[in-house]
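Work through the exercises below with the sequence and coordinates at hand. Each task is followed by a stepwise solution.

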Amino acid sequence: IPKSVVKIESEAFYTCANLTSVTFDDGSVLEEISDYAFDSTSLSSIILPSTLKAIGISAFARTKITNIGIPEGVTVIKQNTFLRCNLLQNVTLPSSIGSIEDRAFSNCTTLTTITVKAVKPPKLGTDVFKNIENFSIKVPSANVNDYKQADGWSAYASRISSI
């Protein structure tokens with residue numbers, strides 16, 4: 001993706017079955033990946049630029065991504081963002097994250113570790129981790145108890161430990 005692209009529009013690559021990787025030019029100014037941008041592709045590899053601020057609904061749903069790091073500055077993981085990413089194993093969310101919406105990681109059956117760098121537990125929507133059996137949640141060590149007691153997060157207290 002050329003460095004001059006600021007926004008990837010809705011459904012830009014939707015159902016492009018042969019799309020397996022995306023690379024952003026050095027110096028990328030990308031700020032937004034819109035709704036359904038990469039939904040239902042074979043995308044397995046992407047490194048998001050540090051300039052990214054927003055990711056839309058179902059932006060990466062039904063892809064083959066195995067690991068994803070969300071850059072600082074992104075504040076919301078929208079609903080269904082990673083829905084049915086059946087190969088997703090590791091997710092890192094930045095300290096800027098304030099909300100994880102409904103079904104964001106639902107049916108990511110191979111998810112093993114989600115690392116949340118936010119000091120304050122993000123607001124958690126419904127069914128965020130639906131149908132995920134064995135995964136751990138890593139959070140800042142000073143905030144483990146805050147997460148274990150927070151609305152939504154308390155249901156996963158036994159999975160929460162320090163980064």
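Phe-105 and Phe-129 are both buried, where buried means under 20% relative accessible area, exposed over 50% and partly exposed in between (1.4 Å probe, protein chains only). The model is predicted: local features need pLDDT of at least 70, side-chain atom pairs count only at pLDDT 80 or more, and totals for chains, interfaces and linings use all residues. Residues are numbered from 1 along each chain as its sequence is written, and side-chain values use heavy atoms, with hydrogens and water left out.

**Exercise 1.** Classify the ring pair of Phe-129 and Phe-135.

Step 1. Rings of Phe, Tyr and Trp (its six-membered ring) pair if their centres lie within 6.5 Å; planes under 30 degrees apart count as stacked, over 60 as edge-to-face and the rest as tilted.

Step 2. The centres of Phe-129 and Phe-135 are 5.1 Å apart and the planes meet at 40 degrees, so this pair is tilted.

Step 3. Check burial: Phe-129 and Phe-135 are both buried.

**Exercise 2.** Find the ring cluster to which Phe-129 belongs.

Step 1. Searching the whole structure gives 11 aromatic pairs.

Step 2. Ring pairs join Phe-129 into a cluster with others, including Phe-105, Phe-135, Tyr-147 and Trp-153.

**Exercise 3.** Describe the surroundings of Ile-100.

Step 1. Ile-100 is in strand β9; strands (E, at least two residues) are DSSP runs, numbered from the N terminus.

Step 2. The relative accessible area of Ile-100 is 0%, so Ile-100 is buried.

Step 3. Beyond neighbours within four places in sequence, Ile-100 has contacts (heavy atoms within 4.5 Å) with residues including Phe-105, Leu-124 and Trp-153.

Methods: Helix = DSSP H or I, 4+ residues; strand = E, 2+ residues; numbered from the N terminus.
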